2 protein chains.
Amino acid sequence: MAAITILGGGGWGTALSGLLAEKGHTVTLWVRYSFTADLLRRERTNERHLPGVLLPSNLQITSSFAEMSSADYLLWATPSTALGEIARSLLESKYLTKNSVMVSCVKGLDHQRYRRMTEILEDVFPEISTAALSGPNHAEEVARSIPSATVIASREPEIAEHLQSILSTKTFRVYTSADVGGVEIGGALKNIFALGAGLCDGLGLGDNSKAAFVTRSLAELIRIGTALGGRRETFQGLSGVGDLVGTCFSRHSRNRGVGERLARGEPLDHITESMGTVAEGIPTTRSAIHLGERLSVETPIIREIHSILYGSTPPAEAMQRLLARDLRPEED
Amino acid sequence: MAAITILGGGGWGTALSGLLAEKGHTVTLWVRYSFTADLLRRERTNERHLPGVLLPSNLQITSSFAEMSSADYLLWATPSTALGEIARSLLESKYLTKNSVMVSCVKGLDHQRYRRMTEILEDVFPEISTAALSGPNHAEEVARSIPSATVIASREPEIAEHLQSILSTKTFRVYTSADVGGVEIGGALKNIFALGAGLCDGLGLGDNSKAAFVTRSLAELIRIGTALGGRRETFQGLSGVGDLVGTCFSRHSRNRGVGERLARGEPLDHITESMGTVAEGIPTTRSAIHLGERLSVETPIIREIHSILYGSTPPAEAMQRLLARDLRPEED
């Protein structure tokens with residue numbers, strides 16, 4: 001059994017904490033604010049982000065870096081926008097005395113410098129080993145032991161294998177990969193296409209349109225993902241097509257929900273204000289546009305979604321344009 | 001404009017007939033029985049297979065081979081099990097005097113000799129050019145001009161391009177391919193995985209499980225499909241992952257519906273008797289087992305579905321076995 005700290009008390013951090021504490025590991029859930037830690041300790045449930053799920057009694061909850069000094073593994077489940085800042089605070093606190101393995105469980109990018117989460121962690125802690133966890137894993141289902149599968153990626157095979165055995169349960173199946181970049185890129189970019197799938201739903205397009213949209217999204221994900229150094233096989237796996245499909249067709253997906261509301265005419269600022277959590281697909285769309293330009297990769301779908309989010313293109317017009325592109329051989 | 005005959009008055013044949021007649025082609029819908037032809041002519045709708053859709057007034061309906069002698073294109077939309085027999089009858093009738101191009105719009109295999117539909121057509125009519133049409137195309141949506149995309153494949157590029165311009169409308173987008181085998185195999189095999197997706201639904205598994213199931217299904221489809229000579233890129237396109245996703249997540253899919261009912265405990269013979277139409281996934285599962293053995297391809301998903309359909313394995317047990325396979329690197 002291992003000593004594990006999970007950073008971030010959103011739905012995913014809470015679900016992972018419960019899963020691993022129940023498995024018998026020594027688990028601490030770190031949250032940013034002491035009042036949140038107090039609330040979670042008192043109520044033994046995270047009503048805001050994971051309602052109805054009880055936290056196991058052996059799970060420690062804290063907002064103090066001091067209490068994570070002994071962790072073998074640090075699992076990051078903060079918002080992507082907060083990870084760098086929290087990592088730097090942790091470094092400055094000097095509480096982290098051993099070289100804990102750091103695992104990003106975050107699906108997102110740094111939107112200033114387009115760095116992946118493990119790259120940010122390695123920038124801050126150059127000595128540590130890193131890994132990334134990603135796959136079609138709605139927290140609501142993982143927390144309820146509904147069977148799920150995921151991928152743990154590390155450049156160091158023995159780290160990936162250790163984490164596989166630490167994280168796996170009977171209902172949470174963990175597969176290993178060496179393609180850290182591909183796994184992280186798939187998890188970040190699929191949120192953009194989930195917005196688009198929501199647009200399809202909100203516009204009342206049918207199953208045929210949505211299937212075509214998801215197919216072309218996968219092609220675009222593979223195009224940009226391989227240009228960024230990910231492996232094609234990774235994008236065909238759980239953290240690529242699996243997560244894409246799992247998000248585009250799920251009632252749980254926040255990003256899909258944003259697209260649906262946009263298509264129904266709700267303004268973006270109104271939607272984001274009402275949500276209380278971040279829909280990562282929104283800033284990721286902007287970053288992907290920059291990345292596509294830098295890499296000279298064609299990104300027609302991301303462009304149309306960008307023009308809906310940040311321009312003034314009506315969703316119906318943008319989707320119509322996507323579905324009516326010039327006829328050509330399929331693989332062009 | 002072209003002279004086109006569509007063979008088969010199921011949902012798909014009816015939808016294609018309407019689409020092409022409305023575009024202004026000279027279209028004849030051939031159905032097997034004269035009383036069906038009489039009924040369709042009288043009612044101008046196909047209540048049994050495509051309820052609520054009006055047939056255009058310029059659409060000819062017949063059950064006589066004599067009336068298709070002048071067709072430039074013959075589009076086959078019969079059940080896969082009837083195609084060979086109807087093709088041989090047509091040959092013997094000697095009514096087909098010109099070398100019409102024959103297009104299979106059928107998703108299925110010959111379950112005796114595991115031949116694809118275009119191979120059967122070429123066996124019967126060795127002189128003709130063939131093509132195959134396949135993609136995520138629920139007839140109910142195509143017939144209602146809900147945007148859809150599909151693939152037309154022919155070994156002869158100019159035939160594919162002609163058919164692309166003949167079949168395309170503003171809402172029915174047709175992409176070309178040279179990989180006839182891959183396009184046909186994708187369309188046939190996805191029905192097996194749709195049964196499995198229905199099993200996931202019927203067992204009340206969540207979005208995570210279903211996403212993992214579809215991901216592993218795609219890997220298995222690519223494995224067996226490439227062993228059969230199809231191109232990997234084809235299975236990543238509309239007629240592969242597109243059709244797979246479109247079927248696994250659609251309310252319209254008959255095969256998905258069969259899986260759902262099986263999971264809820266209904267016996268297979270009861271389900272098939274009540275349906276009135278063929279769920280191609282059932283015989284295709286058996287054929288795929290034979291093909292997998294012949295090609296030495298591992299087909300764990302198809303095996304479990306086979307054991308549910310033809311053995312006595314309870315669906316929950318088979319799916320549990322699939323989801324709990326030994327942990328390993330993802331790409332094994």
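This is a predicted model: local features need pLDDT of at least 70, side-chain atom pairs count only at pLDDT 80 or more; totals for chains, interfaces and linings use all residues.
Colleague: What should I keep in mind about the model and its numbering?

Modeller: Local features need pLDDT of at least 70 and side-chain atom pairs count only at pLDDT 80 or more, while totals for chains, interfaces and linings use all residues; side-chain values use heavy atoms, without hydrogens and water. Residues are numbered from 1 along each chain as its sequence is written, with chains lettered from A and ligands numbered from 1 in the order in which they are written.

Colleague: At what angle do α8 of chain A and α10 of chain B pack?

Modeller: Axes are lines fitted to C-alpha atoms, for helices over the stretch in contact, and angles run from 0 to 180 degrees between N-to-C directions. Helices are DSSP runs (H or I, at least four residues), numbered from the N terminus. Here α8 (residues 207-227) of chain A and α10 (residues 238-248) of chain B pack at about 130°, with axes 8 Å apart.

Colleague: Which residues make the contact?

Modeller: Contact means heavy atoms within 4.5 Å. On α8(A) they are A:A211, A:A212, A:V214, A:T215 and A:L218, and on α10(B) they are B:L238, B:V241, B:G242, B:V245 and B:G246.

Colleague: How is chain A divided?

Modeller: Into domain 1 (3-178) and domain 2 (188-323), with bounds from an automatic or database domain assignment. Their centres, taken over C-alpha atoms, are 26 Å apart, and 19 residues of domain 1 touch 21 of domain 2.

Colleague: How much area do the two domains bury?

Modeller: Buried area is the accessible area (1.4 Å probe) that two parts lose on being put together, summed over both. For these domains of chain A it is about 1700 Å², 61% of it on carbon and sulfur atoms. A:K107, A:Y114 and A:H138 supply 35% of the area that domain 1 buries against domain 2, more than any other three residues.

Definitions and conventions
Helices (H or I, at least four residues) and strands (E, at least two) are DSSP runs, numbered from the N terminus.
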